[in-house]
Amino acid sequence: YTLYRENGEVLAVVEAKRTSRDPRVGLKQASDYADEIQANQSFRPYIFLTNGDDIFFWDSESAAERHVAGFFSRENLERLLFLKQNKISLNEITINDTIINRAYQVEAVRRIAETIEQKKKRKALLVMATGTGKTRTTMALIDVFIRARQAQKVLFLADRDTLVDQALSKGFKIHLPNESNTRIRTYDINKNVRLFVSTIQTLDLCFSKFTPADFDLIISDECHRSIYNKFSDVLAYFDAVQI
């Protein structure tokens, strides 16, 4: 199967196998299809491998295939393609010293950038003591990802309203004022913004209203409290870089 963009170019190839087979047996076959399509358009299409139960997403130019919770939307694929074609190395981006200016904060951002970009990891853990500027460091990190064009859609998660409100009012609105933002509520989901905040409890009730690729970067605040213990399935649903 092929998934098209509006102008007729192929955004993705879907190689489908019967349910009894591992979908990854179609890797070579799907890659051959992508080769043929790439020869007739300006970019290489993404690849999905599926047997009806399991789905794998593969950007065959830059990463290994990975298990995902569902197919991506056309909008998701267009955004991923834009980011891929226009991204800058995270470590080439100057950290905004109006957000953070302490050496350990800057080092934290650089270390995470190295983990994601050079070590090819999609998850990283940042540990900071109370009062050392965790919110500011997080905002500086998000700012780097956005200016490097490695993220357009960012979700900030926490398990308490106070942390979510703080991220929105003292984080996004002050340090990233030019980026549109919203709080996710079960009765009010506006996808036409760049920055999102939510409690994990709220997201647990409405995550199925999103596609697995609706976010490029997810920040989980104070994950040791409950996020990864109780809500690991919610986070596993999203195919995003997770901090």
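**Strands and their partners**

A: Let's begin with strand S9 (residues 217-220) in this predicted model: Leu217 and Ile219 point one way, Ile218 and Ser220 point the other way, and all are buried. Now look at what lies beside S9. Strand S6 (residues 154-158) runs parallel to S9, joined to it by four bridges, and Val154 has Leu217 as its bridge partner in S9. S9 is also parallel to strand S10 (residues 241-242), with two bridges between them. Here Leu217 turns up again, this time with Val241 as its bridge partner in S10.

Next, please move to strand S3. Five of the five residues in S3 (residues 46-50) are buried, so this strand is largely enclosed by the rest of the structure. You can check each face in turn: Tyr46, Phe48 and Thr50 lie on one side, Ile47 and Leu49 on the other, and all are buried.

S3 has neighbours to meet as well. Strand S2 (residues 10-16) runs parallel to S3, with five bridges joining them; Glu15 stands opposite Leu49 in S3. Together with helix H1 (residues 27-38), S2 and S3 make a right-handed β-α-β unit. Strand S4 (residues 55-58) pairs with S3 in the antiparallel sense, over four bridges, and there Thr50 stands opposite Ile55. S3 and S4 form a hairpin with four residues between them, and Gly52 in the turn has a positive phi of about 95 degrees.

Notes: Residues are numbered from 1 along each chain as its sequence is written. This is a predicted model: local features need pLDDT of at least 70, side-chain atom pairs count only at pLDDT 80 or more; totals for chains, interfaces and linings use all residues. Side-chain values use heavy atoms; hydrogens and water are left out. Buried means under 20% relative accessible area, exposed over 50%, partly exposed in between (1.4 Å probe, protein chains only). Two strands pair if DSSP finds at least two bridges between them. A crossover is right-handed if, with the strands pointing away from the viewer, the path from the first strand over the helix to the second runs clockwise.
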